[in-house]
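Me: I would like to go through the labels used for this model and see what each of them rests on. Please set each value against its cut-off.

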Amino acid sequence: MAEAGQLTAAASRPRGRILRPVTVLRIGIIMAVLATWQLVSASGLLYRDVVPSLAAIAVALITTLSDPTFYFHLATTGYEIGIALAIGGVSGVAVGIALGASKLMARAYEAYLYYLGPTPKIIFFPVMIMWFGVGAGSKIAMGAVSCFFPIALNVAAGMREIDPVLIRVGNSFRANTWQMVTKIYLPAMRYPVINGLRIGLGVALIGTLLAETKLSNRGIGFLVIQAYSLFNMPQMYSLLIVLFVVSIGINALIGRLGGLHDIRPS
């Protein structure tokens, strides 16, 4: 009887080692992309080394990760993106709260965010160089300007989704502006803020790397454009893979910290 009970309990427990269909599909997509890449590389349809083999990219990736100077450039880019996201994030949250809390402010200024948001921010780079020089300041400014708009718009939209009951509760306790922001607004719109930060991270990364490719002698963007100039395609792709993996890791970390997980059907 005891053995039968143990077997029944074991059978009732979910088998965590069995891959879920979503995981199988994700792995299948990755394998299909890699197989297609290798086939195109071996076919010779494109110019030599435009699509290098997976083996060549793997060797370049190992070489890149074994080079100590690579980590200096990675730290430089990480520093610039981190400061840019902090500046653009804080200012975007502040502006989003102001627009979402005031209908007058929203009608007067929110249209500017919608008009300027889709504008390619690289056109502002000459201005950033004149204001902040050719060093890290102009790259940080580019990243901050890039991530400001999606964060501000997400926060403003999140403010309008807050339950009015919560706002009335804060007003009934005569909470000041700082208490309303920290105790009511931010906790109630955690998901829009986190989603805005995730989008902001992506555009801050793009803006900073574009700035590094235009005028810089350090950073991952500089290494990518240098590899492209030397037609060292395996190294260029290896750098892009590193950026891709780092971006995924930071994005997942932001989602975990904010309590966001993959959306699954109930």
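Reply: Contact here means heavy atoms within 4.5 Å. The model is a predicted one.

Me: Which residues of α11 are the buried ones?

Reply: The buried residues of α11 are I220, G221, F222, L223, V224 and A227. Buried requires a relative accessible area under 20%.

Me: What does T77 touch, leaving out residues up to four places away in sequence?

Reply: T77 is in helix α4 (residues 68–101). With those sequence neighbours left out, T77 touches L209, E212, G219, I220 and G221. I220 and G221 are among the buried residues of α11.

Me: Why is T77 called buried?

Reply: The cut-off for buried is under 20% relative accessible area. T77 has 3%, so T77 is buried.

Me: Where is F231, and what is stated about its phi?

Reply: F231 lies in the loop between α11 (220–229) and α12 (233–257). Just after α11, F231 takes a positive phi of about 55°. F231 is not a glycine.

Me: Why is F231 called partly exposed?

Reply: Buried is under 20% and exposed is over 50%, with partly exposed in between. F231 has a relative accessible area of 36%, so F231 is partly exposed.

Me: What makes the contact between α3 and α12, and how does it divide by class?

Reply: On the α3 side the contact is made by A56, I57, A60, L61, T64 and L65. On the α12 side it is made by P234, Q235, Y237, S238, L239, I241 and V242. By class, this contact of α3 with α12 has ten nonpolar, three polar and no charged residues.

Me: Why are α5 and α7 called oblique?

Reply: Helix α5 (residues 103–116) and helix α7 (residues 136–160) pack at an angle of about 140°, with their axes 10 Å apart. Roughly antiparallel needs an angle over 145 degrees, and roughly perpendicular ends at 115. The angle falls between these two limits, therefore α5 and α7 are oblique to each other. The crossing of α5 past α7 is left-handed.

Me: Which residues make the contact of α5 with α7?

Reply: From α5 the contact is made by A106, E110, L113, Y114 and L116. From α7 it is made by F148, F149, A152, L153, A156 and R160. The classes in this contact of α5 with α7 are nine nonpolar, no polar and two charged residues.

Me: Why is E110 called buried?

Reply: E110 is in helix α5. Its relative accessible area is 7%, and the cut-off is under 20%, so E110 is buried. Residues up to four places away in sequence aside, E110 touches L99, M105, L153, A156 and R160.

Me: Why is A157 called partly exposed?

Reply: A157 lies in helix α7. Its relative accessible area is 39%, which lies between the limits of 20% and 50%, so A157 is partly exposed. A157 and P192 are 35 residues apart in sequence and 7.7 Å apart in space, C-alpha to C-alpha.

Me: Why are α8 and α9 called roughly antiparallel?

Reply: The axes of helix α8 (residues 164–172) and helix α9 (residues 177–188) cross at roughly 170° and come within 10 Å. An angle over 145 degrees counts as roughly antiparallel. The crossing angle passes that limit, therefore α8 and α9 are roughly antiparallel to each other. The contact is made by L166, I167, G170 and N171 of α8 and M180, I184, Y185 and A188 of α9. By class, it has six nonpolar, two polar and no charged residues.

Me: How many helices and strands does the protein have?

Reply: The secondary structure comes to twelve helices and zero strands. Of the 266 residues in the protein, 32% are buried.

How values were computed:
Residues are numbered from 1 along each chain as its sequence is written. This is a predicted model: local features need pLDDT of at least 70, side-chain atom pairs count only at pLDDT 80 or more; totals for chains, interfaces and linings use all residues. Side-chain values use heavy atoms; hydrogens and water are left out. Axes are lines fitted to C-alpha atoms, for helices over the stretch in contact, and angles run from 0 to 180 degrees between N-to-C directions. Helices (H or I, at least four residues) and strands (E, at least two) are DSSP runs, numbered from the N terminus. Angles under 35 degrees count as roughly parallel, over 145 as roughly antiparallel, 65 to 115 as roughly perpendicular and the rest as oblique. A crossing is left-handed if the near helix is turned anticlockwise from the far one by less than a right angle, and right-handed if clockwise. Ala, Val, Leu, Ile, Met, Phe, Trp, Tyr, Cys and Pro count as nonpolar, Asp, Glu, Lys and Arg as charged, and the others, Gly among them, as polar. Buried means under 20% relative accessible area, exposed over 50%, partly exposed in between (1.4 Å probe, protein chains only).
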